[in-house]
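Visitor: I would like to go through this model from its overall shape down to single residues. Please show it first.

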Amino acid sequence: MIKGFIFDLDGVITDTAELHFDAWKKLSDEMDWEFDRELNERLRGISRMDSIHVIMDHNGVSLDEPTVVELATKKNDIYVESLDKMTPDDYLPGARELLTHLRSEGFSVALGSASKNAHKVLKQLNAVHFFDVIGDGNSVSKSKPAPDIFLYASKKLGLRPENCIVFEDAEKGIDAAKAGKFHSVGIGPEQRVGHADIRFETMKEATLFEVKSHFKDLF
Ligand code: BG6
Ligand code: MG
């Protein structure tokens with residue numbers, strides 16, 4: 001029986017990929033590092049520190065850890081400032097409707113995000129009230145593809161993984177859901193989230209009716 005839903009944030013509830021791109025691009029330009037949209041795609045779902053290491057590896061750069069932390073902080077300052085412009089108009093189409101529907105049907109709802117800025121993003125969207133539990137980048141130490149953030153969220157909801165559906169837009173996020181034995185819904189293209197139990201191109205198609213009809217035996 002499905003009793004709970006766990007949502008990734010970036011790319012599922014709102015699209016922050018472009019803001020992350022701009023911030024990493026600014027830092028990379030300053031450092032004379034190559035950074036493009038293809039590389040930005042590889043950062044989907046992974047933590048800030050894992051991200052900077054992906055960028056540095058791509059550029060054949062190695063620095064001492066305190067410097068890496070300092071640079072990641074610099075990127076974060078740029079990103080956080082850009083979040084000030086986010087408003088409740090910035091939900092991905094369909095996301096607010098689904099969250100509203102789930103609450104009205106009495107399902108438990110949690111956030112399972114790698115972001116340490118999840119609270120700020122939810123506040124900007126006026127979305128905090130949708131969630132019984134907020135799991136973010138500060139809640140666990142092992143980030144996706146490890147299942148820890150989703151296990152943290154389900155445990156806090158008082159539910160077992162088999163009673164929860166995870167919504168994810170990242171390849172590593174679906175890997176994490178599967179590693180934790182959660183049911184999974186992928187949002188995005190086949191090549192990215194085709195390994196999810198079911199997949200929708202966008203959140204707009206991911207209505208409760210559609211989800212229920214795909215997981216028939218579980219409702
Ligand atoms: C994820 C994003 O949700 O959060 C990643 O998909 C990002 O791209 C990660 O690196 C960490 O975000 P933050 O806000 O803690 O830097
Ligand atoms: Mg995501």
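Visitor: What should I know about the origin of the model and the numbering?
Guide: This is a predicted model, in which local features need pLDDT of at least 70, side-chain atom pairs count only at pLDDT 80 or more, and totals for chains, interfaces and linings use all residues. Side-chain values use heavy atoms, with hydrogens and water left out, chains are lettered from A and ligands numbered from 1 in the order in which they are written, and residues are numbered from 1 along each chain as its sequence is written.

Visitor: How many helices and strands does the protein have?
Guide: Helices (H or I, at least four residues) and strands (E, at least two) are DSSP runs, numbered from the N terminus. On that basis, the secondary structure comes to 10 helices and six strands.

Visitor: What is the radius of gyration of the protein?
Guide: The radius is taken over C-alpha atoms, and the globule rule is 2.2 Å times the number of residues to the power 0.38. Along its principal axes the C-alpha trace spans about 55 × 35 × 30 Å. For 219 residues the rule gives 17 Å and the protein's value is close to it, so the protein is as compact as a globular protein of that length, with a radius of gyration of 17 Å.

Visitor: Which percentage of the 219 residues counts as buried?
Guide: Buried means under 20% relative accessible area, exposed over 50%, and partly exposed in between (1.4 Å probe, protein chains only). Of the 219 residues, the buried share is 48%.

Visitor: What share of the contacts between residues at least 6 apart in sequence joins residues at least 24 apart?
Guide: A contact means heavy atoms within 4.5 Å. Among contacts between residues at least 6 apart, the share joining residues at least 24 apart is 59%.

Visitor: How far apart are the mean positions of the positive and negative charges?
Guide: Lys and Arg count as positive and Asp and Glu as negative, while His and the chain ends are not counted. Each charge is placed at NZ of Lys, CZ of Arg, CG of Asp or CD of Glu. For the 28 positive and 38 negative charges of the protein, the mean positions are separated by 6 Å.

Visitor: Which residues coordinate the magnesium ion (ligand 2)?
Guide: Donors are N, O and S atoms within 2.8 Å of the metal (3.2 Å for Na, K and Ca); water is not among the atoms, so sites may look incomplete. The donors follow the spacing D-x1-D-x158-D along the chain. At 2.0 to 2.1 Å, the coordinating residues are Asp8 (OD), Asp10 (O) and Asp169 (OD).

Visitor: How many residues apart in sequence are the parts that Asp8 and Asp169 tie together?
Guide: Asp8 is buried at a relative accessible area of 4%, and Asp169 is buried at 1%. Both coordinate the magnesium ion (ligand 2). Asp8 lies in the loop between strand S1 (4-7) and helix H1 (17-31) and Asp169 in the loop between strand S4 (164-168) and helix H8 (171-179), so the pair ties together parts whose separation in sequence is 161 residues.

Visitor: Is Leu43 buried or exposed?
Guide: Leu43 sits in the loop between helix H2 (37-41) and helix H3 (48-58). Leaving aside neighbours within four places in sequence, Leu43 is in contact with Trp24, Phe35, Ser51, Val54 and Ile55. Its relative accessibility is 8%, so Leu43 counts as buried.

Visitor: Which residues does Ser51 contact, leaving aside neighbours within four places in sequence?
Guide: Ser51 is found in helix H3. At 3% relative accessibility, Ser51 counts as buried. With those neighbours left aside, its contacts are Trp24, Leu43 and Ile46.

Visitor: Which residues are in contact with Asn76, leaving aside neighbours within four places in sequence?
Guide: Asn76 is placed in helix H4 (residues 65-83) and is buried, with a relative accessible area of 11%. Apart from those neighbours, Asn76 is in contact with Arg48 and Asn117.

Visitor: What is the omega of the peptide bond from Lys144 to Pro145?
Guide: Pro145 is in the loop between strand S3 (133-135) and helix H7 (148-157). The bond from Lys144 to Pro145 is cis, with omega near 15°.

Visitor: What is the phi of Lys181?
Guide: Lys181 is found in the loop between H8 and strand S5 (183-187), and at 67% relative accessibility it counts as exposed. Although Lys181 is not a glycine, its phi is positive, at about 65°.
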